[in-house]
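Let's take a walk through a protein model together. Have a look at it first, and then we'll pick out a few spots.

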Amino acid sequence: MKVQSSLNQNKVLMEARRVCLIVLASCIMAMNIKSFIRAGNLIPGGFNGVTLLIQQIGIEFWNIQIPFTAVNLILNAIPVFISFKFIGKKFTGYSCLMIVLSGILTDILPGYPVTHDILLVCVFGGIINAFAISLCLFANATSGGTDFIAIFFSEKYGIDTWNHIFAANVIVLLIAGRLFGWNEALYSIIFQFTSTQVLHFLYKRYQKETLFIITEKPERVYEEIRDITNHDATLFKGIGCYKKQECNMLYSVVGSDEIRKVVTKIKEVDEKAFINIMKTEQITGRFYKRPND
């Protein structure tokens with residue numbers, strides 16, 4: 001009974017943590033749009049960028065102020081359906097919370113331009129944008145739009161697709177450049193590039209690392225890899241060239257977001273272990289991925 005109660009309490013705490021992260025991410029994203037993106041007249045890419053582009057078209061050509069929330073919700077309808085069907089129901093639900101909350105906050109929060117230096121706006125706005133998206137991803141949700149697409153293809157093919165999404169966003173920005181001027185569009189590409197690279201650094205779920213481990217305790221090291229990551233390992237027997245003694249080498253591929261914990265545990269098991277970590281660009285074959293809920 002106590003065990004069940006403890007599990008329920010942990011589950012409630014985890015859900016509360018997810019909601020708090022999403023609320024924080026929504027506030028940061030909305031303030032970034034009002035204080036940096038609009039100060040620089042930027043189009044940030046993604047569906048937020050398309051929404052801002054539609055708002056600009058409404059003002060420039062029809063003199064109509066189109067609500068951010070309404071347009072963003074309409075654009076996200078199809079990605080939400082795809083996510084609900086193929087990624088996860090709770091994942092989609094929390095993502096919808098992020099989309100609605102960030103849209104409402106963008107409409108109602110006042111803007112406080114921090115700087116009018118366009119290059120500073122691009123760089124720091126891109127960093128803040130990546131931070132907001134990362135908070136959302138850490139809560140196992142997305143900020144909507146192209147993030148749904150990125151997660152869908154990353155889950156299906158086991159690859160990091162953020163650079164592909166960046167390339168698609170460049171097309172949107174080129175359209176914006178044709179309509180409203182090339183300066184803002186080109187600066188927007190700098191903004192989006194900064195955001196994509198910082199996101200790569202902060203969120204590593206779909207990046208992978210290869211481990212080569214020379215150890216005297218291969219069984220215990222393997223158990224730690226298995227328990228932490230649910231991945232297998234292969235044991236090779238060899239001869240050390242210097243001491244001419246038999247040695248054991250474990251080979252395994254794990255997620256980049258798990259690498260620090262794995263290495264720490266390996267060192268606890270065998271402090272003399274020699275570990276070579278290599279970035280893995282692509283793998284084919286069966287590779288376990290934690291499912292989205």
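A residue is called exposed when its relative accessible area is over 50%, and buried when that area is under 20%, with partly exposed covering the range in between. Keep in mind that this is a predicted model.

How many salt bridges does the structure hold? There are three, so let's visit the others, because a nitrogen of Lys or Arg within 4 Å of a carboxyl oxygen of Asp or Glu is what counts here. One of them brings lysine 90 and glutamate 15 together, at 2.9 Å from N to O. This pair ties distant parts of the chain to each other: lysine 90 belongs to helix H4 (residues 89–108) and glutamate 15 to helix H1 (residues 2–37), with the two lying 75 residues apart. Lysine 90 has 35% relative accessibility, which means it's partly exposed.

Another salt bridge links aspartate 227 with arginine 226, and their closest N and O atoms are 3.2 Å apart. Aspartate 227 has a relative accessible area of 55%, so it's exposed, whereas arginine 226, at 35%, counts as partly exposed.

Now for the strands. Strand S2 (residues 234–239) and strand S3 (residues 246–255) run antiparallel, and six bridges join them. If you look for leucine 235, you'll find leucine 250 of S3 standing opposite. Between the two strands of this hairpin there are six residues, and lysine 244 takes a positive phi near 55°.

Last stop: serine 134, which you'll find in helix H5 (residues 118–138). Is serine 134 buried or exposed? Its relative accessible area is 0%, so serine 134 is buried. And which residues is it in contact with, once you set aside its neighbours within four places in sequence? Serine 134 touches Leu199, Leu202 and Tyr203.

Note on methods:
Residues are numbered from 1 along each chain as its sequence is written. This is a predicted model: local features need pLDDT of at least 70, side-chain atom pairs count only at pLDDT 80 or more; totals for chains, interfaces and linings use all residues. Side-chain values use heavy atoms; hydrogens and water are left out. A salt bridge is a side-chain nitrogen of Lys or Arg within 4 Å of a carboxyl oxygen of Asp or Glu. Helices (H or I, at least four residues) and strands (E, at least two) are DSSP runs, numbered from the N terminus. Buried means under 20% relative accessible area, exposed over 50%, partly exposed in between (1.4 Å probe, protein chains only). Two strands pair if DSSP finds at least two bridges between them. Contact means heavy atoms within 4.5 Å.
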